[in-house]
Amino acid sequence: MKNLQEKWRSMDCRQMLNVVNGTFYGGLGLLLVAWIVSQCSQSTVPGGFAVLLCVLGMAGVFGGILLAYLRLRCPHCGASLMLGGRIPTSLPNFCPKCGKPL
Ligand SMILES: [Zn+2]
């Protein structure tokens, strides 16, 4: 557990972006699956299963956004690297605020 924490702290912002995108799009994927399940199999699959998938998907989407907001920051000045509240698909080479290389 200690190693995991150290790895977590030592991640640079590009690795963090991968984690954020994985969480966010994983959540979106689960939401899609939840929607398909609720559309296709109204009688065979219990409704609770679609609700569970939906809840997990929402947790992923909001968790990804929260993680991006908290951790996707310039290592030099701490400026947020979010694009106006959205998760960026790639990071700029230089911090938009302090101009140092990321
Ligand atoms: Zn900066």
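Colleague: How many helices and how many strands does the protein chain have?

Modeller: In this predicted model, the protein chain has 3 helices and 0 strands. Along the sequence the pattern reads α-α-α.

Colleague: What makes the protein chain more spread out than a compact globule?

Modeller: Its radius of gyration is 17 Å, whereas the globule rule gives 13 Å for 102 residues; the value is well over the rule, so the chain is more spread out than a compact globule. The C-alpha trace spans about 55 × 35 × 15 Å along its principal axes. Buried residues make up 27% of the 102 residues.

Colleague: Where in the protein chain is confidence lowest, and where is it highest?

Modeller: Helix α1 (residues 2–10) is lowest, with a mean pLDDT of 81, and α2 is highest, at 93. The chain averages 89, and 93% of the residues score at least 70.

Colleague: Why is the site of the zinc ion called tetrahedral?

Modeller: The site has 4 donor atoms, with angles of 104 to 116° among them. Four donors count as tetrahedral if all angles lie between 85 and 135 degrees, and these angles do, so the site is tetrahedral. The ideal angle for four tetrahedral donors is 109.5 degrees.

Colleague: How do you know which atoms are the donors of the zinc ion?

Modeller: The SG atoms of Cys-74, Cys-77, Cys-95 and Cys-98 coordinate the zinc ion at 2.3 Å. The cut-off for S atoms at this metal is 2.8 Å, so these SG atoms count as donors. In sequence the donor residues are spaced C-x2-C-x17-C-x2-C.

Colleague: Why is Cys-74 called buried?

Modeller: Cys-74 has a relative accessible area of 4%. Buried means under 20%, so Cys-74 is buried.

Colleague: What makes Cys-77 count as partly exposed?

Modeller: Cys-77 has 37% relative accessibility. Partly exposed lies between the 20% limit for buried and the 50% limit for exposed, so Cys-77 counts as partly exposed.

Colleague: Which residues touch the most other members of the largest nonpolar core?

Modeller: Met-16, Val-20, Ala-68, Leu-72, Leu-81 and Ile-87 do, out of 17 residues in that core. Helices α2 (13–40) and α3 (47–71) each supply at least two residues of this core, and α2 gives the most, with 5 residues.

Colleague: Which residues does Ala-68 touch, not counting those up to four places away in sequence?

Modeller: Ala-68 touches Val-20, Met-82 and Ile-87 on that count. Across the protein chain, 53% of the contacts with a separation of 6 or more are between residues 24 or more positions apart.

Note on methods. Residues numbered from 1 in each chain as written. Predicted model: local features only at pLDDT ≥ 70, side-chain atom pairs only at ≥ 80, totals over all residues. Heavy atoms only, no water. Donors = N, O, S within 2.8 Å, 3.2 Å for Na, K, Ca; no water. Tetrahedral: all angles 85-135°; square planar, octahedral: opposite > 155°, others 65-115°. Buried < 20%, exposed > 50% of the residue type's maximum accessible area, 1.4 Å probe, protein only. Core = buried A, V, L, I, M, F, W, Y, C linked by side-chain atoms within 4.5 Å. Helix = DSSP H or I, 4+ residues; strand = E, 2+ residues; numbered from the N terminus. Contact = heavy atoms within 4.5 Å. pLDDT = per-residue confidence, 0-100. Rg over C-alpha atoms; globule rule 2.2 N^0.38 Å.
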